[in-house]
Structures are given as C-alpha cells and as structure tokens.
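Subject: A structure for you to look at

Hi,

Here's the structure I said I'd pass on. Have it open while you read, and I'll go through what turned up.

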Amino acid sequence: GVTGVQTCALPISVIDRVAARHPRVTYSVSTEGSLMAAQRVIDGTADVAIGFVHQRLPGLRQLAVARFDLGVVMRPDHPLVRHKSVRFSQCMRFPLVLPAPELTLREALAPLLAAQAEPPDVRLETGSYEMMKQMALQGRGLVFSNRFGIEEELERGQLVHRPLKDAAPSLLGVYVRIRRSLPPAVEAFCRHAGEYLRSLA
C-alpha cells in the first residue's frame, strides 16, 4: 500500500485512478510544509511527497515536476481583479493572509515582504491551506498561492487568481526516496500524480 503520502494538497481524483487498478491499497495522507514532507520521505516514514521543494535535497528523487505561477487569490468582487497581473506592492493596500514561516510559500514571499517600507496589515498567518482558502472565500484578506488546490473554486467563479509580477514561479514535484525500488501501487500513484500536476500547469 501507499503507507504515507506527505503533501501540500492531494487531489482525490489521483487516488481514484490508482484504486481502479489497485483496489486493496490504503492511504495515509498528511498535509504539512513541503520541506517536512520531503524529510519524511528521506527518513522512510512516508512513501511519496508532493510539494514545492525549491532546492534539490540529497536523498530525494524527483519523478515529476510542474511550474505554477505564484499569485494573489481573492473574491471576484475585489478591486484588484481588474488587473491581469499584480505587483506585491499593490496588495499592501489591503488586509493580507500570510502562509506560516514553515511553508515554502512563505519562503517565496519573504523577499517581497522585506522590500516593503511599511509593515503589512496581516489578518492571519497560518500553516493551513484550507484556512487560507476559507479566508479568501469570505473576503477577509488577500491570500498568496498558486492555482493548485483551488481549482474547483476558480472553476465555479468563487475565487480569482492573478499572477504576481514580481514573484518567481513555484515548482511542484512528486518525490520519492533515492535508490528505492517502488512497489507497483506506489509507482502507479506517482505516475498519476505527475500526470495530474502537468495537466494543471
């Protein structure tokens, strides 16, 4: 079975595809920061990590990767929606929801935050992707993320994603421990997860 999947977000559709061929496989899924997820795979306490790993870590093998633009997520009635892309400085006029320091998203935002003359109006700092999404849906603050994990809300028109002009893109990958021979179910899971990421990018 897939004894552990450490992930920033896991689409149920990937599990459904694997279950069609491997119906007896069970999953244990944890959601946490990408670096912690990668470390669990290196330690052997998880089979697979899906996450944003900006630097190559010894002990990890990358099976798939897809590029996602970091952007600002908001409701469709927000004033910034009229722009096709946004600078971080434009977001500073509004309440913000920031990812917690242990998340890779925060690492990507760090230089942008450091470049601001005034401290931002931070309404919430959290390590929960679900909480960030709920804050955006309720209009309580601008959220910084990529499109991964909010596809349904974007499709339904509940949320809008605008790329940040001054942020580097994020690379989302599927990782396993290096020099490990993967069981068929884990290999199938990784293949479908990689296909899913590439379809979104």
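To start with, which residue takes a positive phi just after α2? That's Gly44, with a phi of about 85°. Keep in mind that this is a predicted model.

Now step back into helix α2 itself, which covers residues 34–43. Ser34, Ala37, Ala38 and Val41 are buried there. Looking down the axis of α2, you'll find these buried residues within an arc of 100°, so they line one face of the helix. The background is handy here: an α-helix has 3.6 residues a turn, so residues three or four places apart point the same way.

Next, the aromatic rings. The structure has two aromatic pairs.

One is Tyr27 with Phe189: the centres are 6.1 Å apart, the planes sit at 45°, and the pair is tilted. Tyr27 is in strand β2 (residues 27–31) and Phe189 is in helix α7 (residues 184–200), so this pair ties together parts that are 162 residues apart in sequence. Tyr27 is partly exposed, at 23% relative accessible area, whereas Phe189 is buried, at 0%.

Then there's Phe88 with Phe144, where the centres are 5.2 Å apart and the planes are at 40°, so this pair is tilted. Phe88 belongs to helix α3 (residues 88–91) and Phe144 to strand β8 (residues 142–145), so the pair ties together parts 56 residues apart in sequence.

Cheers

Note on methods: Residues are numbered from 1 along each chain as its sequence is written. This is a predicted model: local features need pLDDT of at least 70, side-chain atom pairs count only at pLDDT 80 or more; totals for chains, interfaces and linings use all residues. Side-chain values use heavy atoms; hydrogens and water are left out. Buried means under 20% relative accessible area, exposed over 50%, partly exposed in between (1.4 Å probe, protein chains only). Helices (H or I, at least four residues) and strands (E, at least two) are DSSP runs, numbered from the N terminus. The arc is that of the directions from the helix axis to the C-beta atoms. Rings of Phe, Tyr and Trp (its six-membered ring) pair if their centres lie within 6.5 Å; planes under 30 degrees apart count as stacked, over 60 as edge-to-face and the rest as tilted.
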